[in-house]
Amino acid sequence: MALVPSKGVGISVQVLVLSAAAATTLLFFLLFTFLSPWSPCSCPTPAVLNESDKILEPTSASVEDIDWLKSQIEANGLHMQPNVLRKGINPRTRQRQLQDLLQFKGISHYEGEEANNHTALPCPGELLVEEHHSYYGEPWAGGRDVFEFLAGAVHLTPNSQVLEIGCGTLRVGLHFIRYLNPGYYHCLERDELSLMAAFQYELPSHGLLFKRPLIIKGEDMDFSKFGHETTYDLIYASAVFLHMPDKLVWTALERLVGRLKPLQGGILVSHNIKFCSRLGGEECTKRLNSLGLGYVGKHIHDSLLFNHYDIWFEFRRSKA
Ligand SMILES: C[S@@+](CC[C@H](N)C(=O)[O-])C[C@H]1O[C@@H](n2cnc3c(N)ncnc32)[C@H](O)[C@@H]1O
């Protein structure tokens, strides 16, 4: 085909301009597609994880976690404001919250008989305002410290089988329930009000009903309802044995030795072991040995959030 040179040059310019425009459009399209926050391609593809690939939840905060948290508080210029009324924020005591809840029917729009018909688990106001977080001495947040210490002490995994004696309102137990596989947390507790708080508020409000913890009411150290075959990686009593008669503590230990997993299982008891030391050092060791238990030692664990430490005493089976 004979092209006039000048015409040929003209076509080339047009082609060049068109090509440049097309390339620019394509570049913009690609940039928009990959960089735009609204682009479907910028979303990570949801990973399909196998059971074995699941990322393990850490049982305690790392130094990096703590540094990160402090940097976020600093970066946002945060500090505690005085507890005064501010626009949109209305600090109230629990007592006041409860009063409002009862007087104004909380946030329910239903009246009279209808009020509870639309609630699967009608929860008493006292629990809704979390009065039970103050049932026992320490700050509620200390439950996490106890979990972190115990988890580390026995190298907890989601498959560990755990028994708590006197779990109260699940200040500690909740962290175990969340971490462990369904059905692997057991507790024996005697106080009805605490149990109601655990069942009616803590488990449902934390979305942990599916974890099916086995929590049984009882006070005489009868563990038969937990299944005769069950053995534990960890048995612990947080602020409980010091409140029990020595005789009952010994009964508990006698019944629990055989329920410890032979090598890795540990019994951990907080605060003090006066049930033992009251007998005198030698007698105490003798009695433990006669049960097949050995005293491993004393541990101290610092709280993450407040100036406090927990003291723990550890026992293991002396015979496999
Ligand atoms: C100080 S509270 C500690 C609760 C929980 N362990 C915690 O750290 O938040 C003591 C708990 O032990 C329970 N308790 C005391 N004696 C008991 C017994 N003989 N059998 C079962 N639970 C008992 C009490 O009802 C109470 O819930």
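This is a predicted model: local features need pLDDT of at least 70, side-chain atom pairs count only at pLDDT 80 or more; totals for chains, interfaces and linings use all residues.

Me: Is Arg212 buried, partly exposed or exposed?
Reply: A residue is buried if 20 or more other C-beta atoms lie within 10 Å of its own, and exposed if 12 or fewer do. Arg212 has 14 such atoms within 10 Å, so its class is partly exposed.

Me: How many helices and strands does the protein have?
Reply: The chain of the protein has 320 residues, of which 24% count as buried. Its secondary structure comes to 10 helices and seven strands.

Me: Of the contacts with a separation of 6 or more, what percentage comes from residues 24 or more positions apart?
Reply: The contacts considered in the protein are those with a separation of 6 or more. Residues 24 or more positions apart account for a share of 73%.

Me: Why does the end-to-end distance of helix 5 agree with its number of residues?
Reply: Helix 5 covers residues 142-153, which makes 12 residues. The expected span is 1.5 Å times one less than the number of residues. For helix 5 this should be 16 Å, and the agreement holds because its end C-alpha atoms are 17 Å apart.

Me: Which elements cover the buried residues of helix 5?
Reply: The buried residues of helix 5 are Gly142, Gly143, Asp145, Val146, Phe147, Phe149, Leu150 and Ala151. Just after the helix, His155 takes a positive phi of about 50 degrees. The cover over the buried residues includes helix 6 (173-179), strand 4 (234-237), strand 5 (266-270), strand 6 (293-302) and strand 7 (309-317).

Me: How many residues of helix 2 are buried?
Reply: Helix 2 (residues 63-75) has 13 residues and reaches 18 Å between its first and last C-alpha, close to the 18 Å expected. After helix 2 comes Gly77, with a positive phi near 60 degrees. Helix 2 lies largely in the open, because the number of its residues that are buried is zero.

Me: In which sense do strand 2 and strand 3 pair?
Reply: Strand 2 (residues 185-189) and strand 3 (residues 214-217) are joined over four bridges. Cys187 has Ile215 in strand 3 as its bridge partner. The sense of the pairing is parallel.

Me: What is the handedness of the β-α-β unit made by strand 2, helix 7 and strand 3?
Reply: Helix 7 spans residues 192-205 and forms the unit together with strand 2 and strand 3. The unit is right-handed.

Me: Which residues come nearest to the ligand?
Reply: The shell around the ligand divides into eight nonpolar, six polar and five charged residues. There are 19 residues around the ligand, and those that come nearest are Gly166, Gly168, Arg171, Asp191 and Ser238.

Me: Which residues does Val296 touch, leaving out those up to four places away in sequence?
Reply: Val296 has its place in strand 6. Between Val296 and Phe315 there are 5.3 Å from C-alpha to C-alpha, although they are 19 residues apart in sequence. With neighbours up to four places away left out, Val296 touches Glu314, Phe315 and Arg316.

Me: How far apart are the C-alpha atoms of Thr230 and Arg259?
Reply: Thr230 is found in the loop between strand 3 and strand 4. Beyond its neighbours within four places in sequence, Thr230 is in contact with Gln161 and Arg259. Thr230 and Arg259 are 29 residues apart along the chain, and their C-alpha atoms are separated by 6.7 Å.

Me: Is His271 buried, partly exposed or exposed?
Reply: His271 has its place in the loop between strand 5 and helix 9 (274-277). Its phi is positive, near 70 degrees. His271 has 16 C-beta neighbours inside 10 Å and therefore counts as partly exposed.

Me: What distance separates the C-alpha atoms of Arg287 and Trp250?
Reply: Arg287 has its place in helix 10 (residues 281-291). Arg287 and Trp250 are 37 residues apart along the chain, and the distance between their C-alpha atoms is 9.1 Å.

Methods:
Residues are numbered from 1 along each chain as its sequence is written. Helices (H or I, at least four residues) and strands (E, at least two) are DSSP runs, numbered from the N terminus. Two residues are in contact if their C-beta atoms, placed from the backbone, lie within 7 Å. A residue is near a molecule or strand if its C-beta atom, placed from the backbone, lies within 6 Å of it. Ala, Val, Leu, Ile, Met, Phe, Trp, Tyr, Cys and Pro count as nonpolar, Asp, Glu, Lys and Arg as charged, and the others, Gly among them, as polar. Two strands pair if DSSP finds at least two bridges between them. A crossover is right-handed if, with the strands pointing away from the viewer, the path from the first strand over the helix to the second runs clockwise.
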